[in-house]
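Subject: Handing over a structure

Hello,

Here is the structure I promised to pass on. Please open it first, then read my notes below.

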Amino acid sequence: MAGNDKELSWRLVPSTCVYCGTGCGVLLEVTGDRLTGTLPQKDHPVSRGALCIKGWSVHEFVHSPRRLTKPMIRKDGELVETDWDTALQAAADGLAGARDGYGPDSVGFFASARCTNEENYLLQKLARVAVGTNNVDHCARL
Ligand code: SF4
């Protein structure tokens, strides 16, 4: 387009819906540097061109203004921004305190559909190896 040197690129990126264990095939619409839509993969062996309503909106959480992008810690009942070292130390202290005070099974871990398989794998390792509990579940089952 004449006079418009900021013309946006558009492309489709094949991926997998993260909302449940079915693993439907999606095509993520990328406009410029943003996810702008989701289409079904018609040749996907699992979903064969179908998506449920969650799958059609799978791109929406990525740029949500409500998404947490910085570490937070609760002080005097209010969530306030902090640095990663402080937040991670507070989480580690809280988990260790619960485990030591009430036993490993006083702690439960809930994995997220918005994390990768590898991140969820690491979460269950943290639960089983570091804390010593098998209390692990996933939001897709809740
Ligand atoms: S589209 Fe629906 S059924 Fe398919 S993986 Fe996503 S949430 Fe599950």
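Two strands pair if DSSP finds at least two bridges between them. Helices (H or I, at least four residues) and strands (E, at least two) are DSSP runs, numbered from the N terminus. Keep both in mind for what follows.

This is a predicted model, in which local features need pLDDT of at least 70 and side-chain atom pairs count only at pLDDT 80 or more, while totals for chains, interfaces and linings use all residues. Residues are numbered from 1 along each chain as its sequence is written.

Domains

The chain splits into domain 1 (10–56) and domain 2 (72–141). Such bounds come from an automatic or database domain assignment. Taken over C-alpha atoms, the centres of domain 1 and domain 2 are 30 Å apart.

Strands of a sheet pair through backbone hydrogen bonds, either parallel or antiparallel. Here an open sheet of 3 strands runs in the order E1-E2-E3, with antiparallel pairing. Strand E1 (10–16) and E3 are the edge strands, and each pairs on one side only. From one strand to the next, the twist averages 30 degrees. For such angles, axes are lines fitted to C-alpha atoms (for helices over the stretch in contact), and angles run from 0 to 180 degrees between N-to-C directions.

Now look at the pairs. E1 is joined to strand E2 (residues 25–31) by 7 bridges. Threonine 16 has glycine 25 in E2 as its bridge partner. Serine 15 has valine 26 in E2. E2 and E3 pair in the antiparallel sense over 6 bridges. There, leucine 27 has leucine 39 in E3 as its bridge partner. E2 and E3 form a hairpin with 2 residues between them. Glycine 32 sits in that turn, with a positive phi of about 65 degrees.

How well is E1 covered? E1 is hardly covered: of its 7 residues, the count of buried ones is 0. A residue is buried if 20 or more other C-beta atoms lie within 10 Å of its own, exposed if 12 or fewer, and partly exposed in between; C-beta atoms are placed from the backbone.

Serine 9 is found in the segment before E1. Serine 9 counts as exposed because it has 8 other C-beta atoms within 10 Å. The C-alpha atoms of serine 9 and cysteine 139 are separated by 34 Å, and the two residues are 130 residues apart along the chain.

The ligand

Which residues surround the ligand? They are Cys17, Tyr19, Cys20, Thr22, Gly23, Cys24, Ser47, Leu51, Cys52, Lys54 and Gly55. A residue is near a molecule or strand if its C-beta atom, placed from the backbone, lies within 6 Å of it. By class, this shell has 6 nonpolar, 4 polar and 1 charged residues. Ala, Val, Leu, Ile, Met, Phe, Trp, Tyr, Cys and Pro count as nonpolar, Asp, Glu, Lys and Arg as charged, and the others, Gly among them, as polar.

Two residues with a positive phi

Arginine 48 is not a glycine, although its phi is positive, at about 45 degrees. Arginine 48 is found in the loop between strand E3 (34–40) and helix H1 (53–56). Is arginine 48 buried or exposed? Arginine 48 counts as exposed because it has 12 C-beta neighbours inside 10 Å.

Aspartate 76 is not a glycine either, and its phi is positive, at about 55 degrees. Aspartate 76 lies in the loop between strand E4 (72–75) and strand E5 (78–81). Aspartate 76 is exposed because it has 5 other C-beta atoms within 10 Å. E4 and E5 form a hairpin with 2 residues between the strands. They run antiparallel and are joined by 4 bridges. Arginine 74 stands opposite leucine 79 in E5.

Helix H2 (residues 84–102) has 19 residues. From its first C-alpha to its last, H2 reaches 27 Å, close to the 27 Å expected at 1.5 Å a residue. The expected span of a helix is 1.5 Å times one less than its number of residues. H2 is hardly covered, with a count of 0 buried residues among its 19. Just after H2, glycine 103 takes a positive phi of about 95 degrees.

Helix H3 (residues 117–131) has 15 residues. H3 reaches 20 Å from its first C-alpha to its last, close to the 21 Å expected. Glycine 132 follows H3, and its phi is positive, near 90 degrees.

Best wishes
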